[in-house]
Amino acid sequence: MVNNDMNVKARLQELTQARGWTMYRLSRESGVSWSTIRNMFQRNTEPTVPTLEALCKGLGISLIQLLAEAELTLLNQEEHELLMKWNTLGPEDKQLVMNLLSSLSRRKG
């Protein structure tokens with residue numbers, strides 16, 4: 001079980017809402033049963049590591065990214081906003097952003 005001072009479930013809700021997803025959609029995308037997700041949020045059960053890994057895979061992030069919320073306090077507001085938007089992008093959009101950033105950094109160098 002994962003029992004941490006930070007609220008992992010609140011972070012999952014934040015990421016899900018940022019994508020405009022329902023918890024049912026999170027269930028479909030992650031392969032985690034709807035009843036498991038419902039129990040996490042309605043009955044306040046703690047998710048296991050394999051459950052968190054599956055949810056993260058469905059969200060397109062790593063478990064490290066999910067658990068790094070405590071580290072986000074080291075970021076300024078602009079960096080935090082950029083990271084939150086990055087986490088909502090799909091793989092193709094992430095590649096487009098990376099290509100743009102590479103192009104911009106070459107212009108400055």
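Student: Which residues does Thr-16 touch, not counting residues up to four places away in sequence?
Tutor: Thr-16 touches Trp-21, Thr-22, Met-23, Leu-26 and Leu-59, where contact means heavy atoms within 4.5 Å. This is a predicted model, in which local features need pLDDT of at least 70 and side-chain atom pairs count only at pLDDT 80 or more, while totals for chains, interfaces and linings use all residues. Residues are numbered from 1 along each chain as its sequence is written, and side-chain values use heavy atoms, with hydrogens and water left out.

Student: Is Thr-16 buried or exposed?
Tutor: Thr-16 counts as buried because its relative accessibility is 1%. Buried means under 20% relative accessible area, exposed means over 50%, and partly exposed lies in between, using a 1.4 Å probe and protein chains only.

Student: Back to Leu-26: what is in contact with it, leaving aside neighbours within four places in sequence?
Tutor: Thr-16 again, along with Trp-21, Ile-37, Leu-55 and Leu-59.

Student: Which residues have the most contacts inside the largest nonpolar core?
Tutor: Leu-26 is one of them, together with Leu-12, Leu-55, Leu-59 and Leu-66, in a core of 16 residues. Such a core is a set of buried Ala, Val, Leu, Ile, Met, Phe, Trp, Tyr and Cys residues joined through side-chain atoms within 4.5 Å. H1, H2, helix H3 (34-42) and H4 each give two or more residues to this core, and H4 supplies the largest share, with four.

Student: Now the helix pair. At what angle do H2 and H4 pack?
Tutor: Helix H2 (residues 23-30) and helix H4 (residues 49-59) pack at about 95°, with their axes 8 Å apart. The axes are lines fitted to C-alpha atoms over the stretch in contact, and angles run from 0 to 180 degrees between N-to-C directions. H2 and H4 are therefore roughly perpendicular, a label for 65 to 115 degrees; under 35 is roughly parallel, over 145 roughly antiparallel and the rest oblique.

Student: Which residues make that contact?
Tutor: Leu-26, Glu-29 and Ser-30 come from H2, and Ala-54, Leu-55, Gly-58 and Leu-59 from H4.

Student: Last one: how many helices and strands are there?
Tutor: The protein has seven helices and zero strands. Buried residues make up 28% of its 109 residues.
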